[in-house]
Amino acid sequence: MSGFTHGSFPRTGLFPAAESINQNVKIDTGVKNNEDWLKNKSFTHDTAQKLEEFQKELKWLQQEESDIPETSAIIKPVVQVQEVPKATAEDSKSYTHVSEIQEPDIPGQDYKRDKLGKKKKRRHKYSSGDSDSEKERYDRKRYNSGDSDSGSKDGRTYHKERKKKKKTKDYYSSENEDKKSKKSSKHKKKHKHKLSERYLRSPPKEKTIPGLLQTKHIFLNDVYDIAPDHPFKLDRAPDKNSLTYGSLYTGHVAEYRTTCNQCVGSLGKVPIFVHEKVKKKDKSAGNRYYDRENRKLGNQYPKERIVMNLGDSNNVETMPEFVAFGKDPTIGAIGVKVGDIQNVRDTILDPATSLYVQGMGGKSEINNKDDIIVELDETRVKVGEYNRKLRENPGSIKLWLEFAKFQDSISAEANLKKESVNEKKMTEKAVLEKKISIIEKALGHNPGHIDLLLAKIELSAEIVDSSKINKDLEQLLFVHPANTKLWKYHLMFNQSRLTVFTVAKQCKLYHKCLKMLLRIHTGVLQTHSVPENLEHEIIEIFLQYCQFLIQVGFNERALATFQAILEYNLFCPPLLKNASKENKMANFEEFWDNESAKIGTQGACGWNQTGSEAGSDVLSNDQDALEEQEEAIIERKESKHFTWLKIELLRDHHHWLPWKPDLSKGQTEEDCEDPERMVVYDDVKPVVFDISEMLHYDLVVALLEMLGHEPMGCPKSKFSDAFVSLSDKLNAHDDHSNFSGAVFELQSTCDLSQNPVLKPFVINILKQVIPCFNGSENTSLTLMLLEVQLSCYKMNNLSKSDKKEIRKIVKNLLKDEKNRNNLAVWCRYIEIERIIGKPGEAKVIAETAMAMYSGKNIEETTPESNGLIDLYSLYCDILMDINHGRSCELLCKKTGASLDVKKSVLATLACLMDEKKFDPKATGEIPSSSVLKTVSKFSKALERANANFFRSPTQDNKNRLLSTVWCYAKFTYCKSGLELSVDMISDVIQNLYLLTDPSVTRGLHEYKLKLIVHHMAVSSGLVSYLRDHLDQALQAFPNDPIFLSLFVDIERKSKISGRLNRFFDRACRMAESHIPVAVGVGFLCSVLQDRKSIDYSSTLSGLVHRARSWLEHSLSTTCLEHSILLWRLYLTLESEVEGGGRLKGVFYRAVQHCPWAKSVYLDGVRLLGEVQLQEIVDLMTEKEIRVHLPTEELDILISP
């Protein structure tokens, strides 16, 4: 056994050269036999060094196989490592040649040959001890270092042989050493061929080194025979990342950081770990001029500026900019030669400074506080002024609220400055918290003040939960139930919160509010004092409730509410006017539940007259027509969302009148397909109350305005502003010719003036309520009836038959006895003739009316005298060809009035003031004396009208003042020119600045602009002159749509948008009404569409960003954040952007701020398409918004 070592077993060496040595094959170059190993290999210097180390290991293994100890070797085998240098680029290879010098026989040694012919030393019994110890030390060192990559199989073979040698050593150390040796040699010789064949057939099994897992498994549970001491796996696969980057990834290196610098259990006496904290560099140290802080100071306004008081010196040119030195270099600043002075500073310093250095000077003038003026930053000045005023008067609530609002301008200015130096802007939350702290400080000085408490709640609503805000509001309302401002905020807060809003809940809240306020107003609840304008505020809340019902889609209930309030107040039976509330409501319930027709329907006579017929057949006929239109829409086979949208809008436009069963057909209430169309008495009972007679006219006009019919040339309702801010449509009487088709499409979805069902309803209402009024109110409603009847025709494109029908309508109106002598109706008839393109006939009608009614006294203010002045004024407009419409745009060039026409105008107005009969043939040139007398009379009439209006600001006095000024302006224009007439109107405006009613001032501004526009159309004039007066009008009335439209038209035609952009940038930041924002954004939408058609794609993004900026600024304010019109304009703008822009995000923002607006949901379906249809309809159903066509019904209708 001892004669067989592992060297005789065939195994694979480290290199092919080693195998060739074992086979006794001499290798000269190593290129041929090593082609498979050295081919396409290139070695660096480091690799060559490692290769030398491997060759040394190979040398040791060869010695081990030959069992020749190094100490007894006379001639050692030499391993030559020849490193071939790098070749050229064509053959960049480096080979290492390994060869062995032939070992000669050593004298005195006993050798034998194995089967392969290899020479081996004979084994002696004491010769293996030293070599074993050396090999054992080398192997232990090599094993501990973990260097077993090369020759691990050889190492295991070595341990096996070592165990064999140990057994052999013990065997030879016994006393029978010779016998055992002989027996052993015999046994070896006997079975030598079997053992050699066995070892040649299968190599010996190698034991696993403890800690090395020779397996492909990863988890320890998958491996059974593991050394428990230090199990680990040796991964022989190279890590390419380590070779590439030269180091391990830091995330793969385990780190341990401790926050404790003491040993556990040491009671804090022995510090173990000491971490040195890295001190941050002090930023304040060593600031340079280019640092951010210093650049920030350079871009800011100076906080303080010291201005020298120059005293009596007013001439700045005489002040020297520097201290002048003499031309002689030997003479100093004080005029003394340098050679005569020992101190050099005396030649440089001025006398005052020299005395100061010597300690002999007094106080300089610059140190005198009286001569120094410190100018602070403008913002700091205002803040200091607010602080001073609030310290002096801490009880001023208005001043506290102004100071809190002033924080917005401070933050805006600060953000602009920070933006220039790329610093972080002040957040809205920070500004909000600052405002809240100011209000809390104000409450400390004024505890319990309702305005301050409400302001705090409004500011906290953005950062506090809705439930907590509602609790705070309910507590305030319990203490202040008569505060209508608090009630309005409570209603709008719950109406505009998507998370808490539902239609039923909001209706109950409106009913609760009206019930509480009516109890206080009627005296049922006497625990609180009645506010001054409580009835006015109650009507405003009632109108907001009606508008809310229309906007959520409950049109039938809104219309029934109109009918109930008008029947209860205008047609109350005389016997019940003084009855109690309970008795009156009981009788009204009987009237409501019977089958009699209500106001606005065909055949209605009113509550005070019974016996009228039941509901007419109009509803059934309309229902048949509606079904035919729906079938036509379905047959078009359009996309699903368009089909749903069209049918939904069609039903929404037709379903206005409450449904009633047709008794002639045997219908009952169970035959109603949609229960929401029926309105019972319990639906209208909470909102029916008594209204004083002086507010009946305003109530009727407000209801008609809500239905889309605003008065033309008639006084508007006092309650118009109650629902304008939440309106979802543009004003019907304003000319929006500058707007695009997209905005008109937006307008058409909510325009009620062209509704086929509402128009007959409105006409019936007007015919039924006109007899309830007298005087100017009767005339205004009559003119409104005429306008509603004419709204069926398109005045821009009238056929002959249309013109005949229009004339027939007007003549039938004039045939009425009440209107036969009504000059206001005559004036409207003349204007209609001008509109339909018959100015000649209009002139003839005016001359006829003037001949009939002229020559009367006009000093007293009566409807007749006011009508006569309006008639003369209208006749002068026809002569001068002044546009009959509103001055909302520039006019095309036309022929101006001739000298004869101006003389006729002067003669006509002189006839008016002289109170003479009008003769159209006698109008000619008048003498100068008559002109002066007429001027004098106009001046007196103007003073008289002004005094009457100051004394009693009624509608008649207001009309008299405006008509007198307009006639006087035209007389001055024909006599002296444009400037004097405009100056006259400006003087009147200055005298009216103390008036509380701004409508007169606004009318005078409109007359002034109308005259200037007319003059520019008939003659040459400067646009700057018109701009100056238009700026004055816009400064006084920034939200007027007429002035804004004229401004847009002027700037649009100038092709320079600088003034327009600056104006609307400022207006949108300070806007309190949606009108300026709607006008500006509507204009930009029209420009976008125009440039799209011409393919100006490079400028579209700038327009879109500007429009977005205007909308974002306006919608960020508390007064406009719930404006439905602005949100719809935003959606329209995003739909114009290529790719949809931010359409989906803007839609959900609009729903979040206006969750009650059905028009917003319909816009979402129209713009977002079929993908969002089901989601939007589900959201509408969840919030209880009226849906006429469920998607399930639509699927049935469109299914084949």
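Visitor: Is E1184 buried or exposed, or does the residue fall in between?

Guide: Relative accessible area is read with a 1.4 Å probe on protein chains only, where buried means under 20%, exposed means over 50%, and partly exposed lies in between. With 36% relative accessibility, E1184 counts as partly exposed. This is a predicted model, in which local features need pLDDT of at least 70 and side-chain atom pairs count only at pLDDT 80 or more, while totals for chains, interfaces and linings use all residues. Residues are numbered from 1 along each chain as its sequence is written, and side-chain values use heavy atoms, with hydrogens and water left out.

Visitor: Where does E1184 lie, and what is its phi?

Guide: Most residues other than glycine have a negative phi. In E1184, however, phi is near 65°, a positive value in a residue other than glycine. E1184 sits in the loop between α47 (1173-1182) and α48 (1191-1198), where helices are DSSP runs of H or I with at least four residues, numbered from the N terminus. D881 also has a positive phi, near 60°, and lies in the loop between α33 (863-880) and α34 (899-914); with a relative accessible area of 37%, D881 is partly exposed.

Visitor: How do helix α28 and helix α29 pack?

Guide: Two packed helices are described by the angle between their axes and the distance between the axes. Here α28 (residues 775-790) and α29 (residues 800-815) pack at about 160°, with axes 11 Å apart; the axes are lines fitted to C-alpha atoms over the stretch in contact, and angles run from 0 to 180 degrees between N-to-C directions. That makes α28 roughly antiparallel to α29, a term for angles over 145 degrees.

Visitor: Which residues of α28 and α29 meet?

Guide: T782, L786, Q789 and L790 in α28 meet I806, I809, V810 and L813 in α29, contact being heavy atoms within 4.5 Å. The residues of this contact divide into six nonpolar, two polar and no charged; Leu, Ile and Val are among the nonpolar types, whereas Asp, Glu, Lys and Arg count as charged and those in neither group as polar.

Visitor: How many aromatic pairs are there?

Guide: Rings of Phe, Tyr and Trp (its six-membered ring) pair if their centres lie within 6.5 Å, and planes over 60 degrees apart count as edge-to-face. The count comes to 27 aromatic pairs. The rings of F1063 and F1064 have centres 5.2 Å apart and planes at 85°, so this pair is edge-to-face. F1063 is buried at 13% relative accessible area, and F1064 is buried at 0%.

How values were computed: Helix = DSSP H or I, 4+ residues; strand = E, 2+ residues; numbered from the N terminus. Parallel < 35°, antiparallel > 145°, perpendicular 65-115°, else oblique. Phe/Tyr/Trp six-rings, centres within 6.5 Å; stacked < 30°, edge-to-face > 60°.
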